[in-house]
Amino acid sequence: MTELQSFGLRLDDPASPHAGVASRRGGAGPSDHKAVTIDGHTIMVPVHTSSAWRSPFVAHAPDAQGRSALTKTGHGSIPIASIAFPRAPRFYAMQTFDGIPYSHIATLHGADVLATTVLQNCIRYESRKKSCKFCAIGQSLAAGRTIAHKTPQQLAEVARAAVLLDGVKHMVMTTGTPPTPDRGAQVLVESAFAIRAAVDIPIQAQCEPPGGDDGDQWFPRMKAAGIDTLGMHLEVVTPEVRERIMPGKAGVPISRYMESFEAAVGVFGRGQVSTYILAGLGDTREAILSICEKLVALGVYPFVVPFVPISGTPLEDHPAPSPEFMTSVLEPLGAMLNRAHLRSADIKAGCGKCGACSSLSVYES
Ligand code: SF4
């Protein structure tokens, strides 16, 4: 799985790009990816990136049951596994009274996660000098595949349909950062409140550490609104790499993240606060593992994923990390999580629980 996520997947059959759930292009979170089920695990695999075009892994035309043979080229073509593309969810066929397709409000991630970007605009994205170089949050908006602000009512309507029609198990709400001190916490609180009033689904909220004098006071408000877990994403961890890769977001120092993590764990509990770290953007193995040790000691789950270059971003030609580099990070990190009894299976909602963007959970046992 680690190799497949590093190299990406070539689709041999012209119909395959449309097989199963439509692949995601642009937006926040995993992009230029497609959900693929292997051995009962659904993972997100790059398919639209330049490295995917050169990948040794090839998915062949699906059979009548929708299963495709996965082969690895090299010295000949070796069959590796039989894979499937999860089917498009039923809620994608629906739309709101005012004609907005449900798929423009939230999408299916992995096998059973409903994901949305509540605010599709971000103060960091408004200027090339400040934007995070890996991010494509504006692309799906510009392409008309989503709307700028999903209202609490729209999110509640879609979440209810996704649970009832497609058996979705948990929800991830991320947001672009608005120009207010709460950094998106308020809109997440309002959204969660409406969703939980409509349907019983565990929710992860994701935002930058809320700022202002009462920044940490947002955590109990989030919890009271029905948010079960919180993600505050470091993305990269070394000061020079932060400045280079995300010059705007680097204005919030790591020390502020650490204070916020500690306060958030006090509210949400050990293992219910997480961060997302993109390996392969310049942080060394040692730098990633060293901060992971501090995070784990605080009770924060560090979800380390391989960086995927997204077309149209300043990093579209940046290489993905090698499988060897990923294994050298994920193997000791998995052991560290095991020793601390912080396991993905115990997370109530969110990326760590879904696990489709990284093979980290495989190394936990
Ligand atoms: S790990 Fe997170 S970003 Fe990746 S598919 Fe799952 S919910 Fe989406």
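Helices here are DSSP runs of H or I with at least four residues, numbered from the N terminus. With that in hand, here are some close-up views of this predicted model.

**View 1. Helix α8 and the glycine that follows.** Just after α8, G269 adopts a positive phi of about 100°. The helix itself covers residues 254-268, and its 15 residues should span 21 Å at 1.5 Å a residue; the end C-alpha atoms lie 20 Å apart, which agrees. Look along α8 for its buried residues: R256, Y257, M258, S260, F261, A264, V265 and F268. Their cover includes helices α6 (218-225), α7 (239-245) and α9 (285-298), together with strands β11 (229-231), β12 (273-279) and β13 (300-306).

**View 2. The largest nonpolar core, seen around F134.** This core has 88 residues, and F134, M222 and V304 are those with the most contacts inside it. Leaving out residues up to four places away in sequence, F134 touches E235, I245, M246, L278, L281, F307, I310, T313 and L315. As background, nonpolar side chains in soluble globular proteins tend to be buried together.

**View 3. Helix α4 from end to end.** Here is another helix of 15 residues, with 20 Å between its first and last C-alpha atoms, close to the 21 Å expected at 1.5 Å a residue. The buried residues of α4 are P152, Q154, L155, A156, V158, A159, A161, A162 and D166. Among the elements covering them are strands β8 (113-117) and β9 (170-174) and helix α5 (185-198). Next comes G167, which follows α4 and has a positive phi near 65°.

**View 4. A nonpolar patch at the surface.** M94, L164 and L165 make a nonpolar surface patch of about 250 Å². L164 belongs to helix α4, residues 152-166. With a relative accessible area of 59%, L164 counts as exposed, because the cut-off for that class is over 50%.

**View 5. R67 in strand β5.** R67 is part of β5, the strand of residues 67-74. Its relative accessibility is 35%, so R67 is classed as partly exposed. Setting aside neighbours within four places in sequence, R67 is in contact with A61, P62, S82, I83 and A84.

Methods: Residues are numbered from 1 along each chain as its sequence is written. This is a predicted model: local features need pLDDT of at least 70, side-chain atom pairs count only at pLDDT 80 or more; totals for chains, interfaces and linings use all residues. Side-chain values use heavy atoms; hydrogens and water are left out. A nonpolar core is a set of buried Ala, Val, Leu, Ile, Met, Phe, Trp, Tyr and Cys residues joined through side-chain atoms within 4.5 Å. Buried means under 20% relative accessible area, exposed over 50%, partly exposed in between (1.4 Å probe, protein chains only). Contact means heavy atoms within 4.5 Å. Helices (H or I, at least four residues) and strands (E, at least two) are DSSP runs, numbered from the N terminus. The expected span of a helix is 1.5 Å times one less than its number of residues. Patches are made of residues with over 30% relative accessible area and no salt bridge: like charges are joined within 9 Å, nonpolar side chains (Val, Leu, Ile, Met, Phe, Trp, Tyr) within 5 Å. Accessible areas come from the Shrake-Rupley method with a 1.4 Å probe; for residues, only the protein chains shown count as cover. A salt bridge is a side-chain nitrogen of Lys or Arg within 4 Å of a carboxyl oxygen of Asp or Glu.
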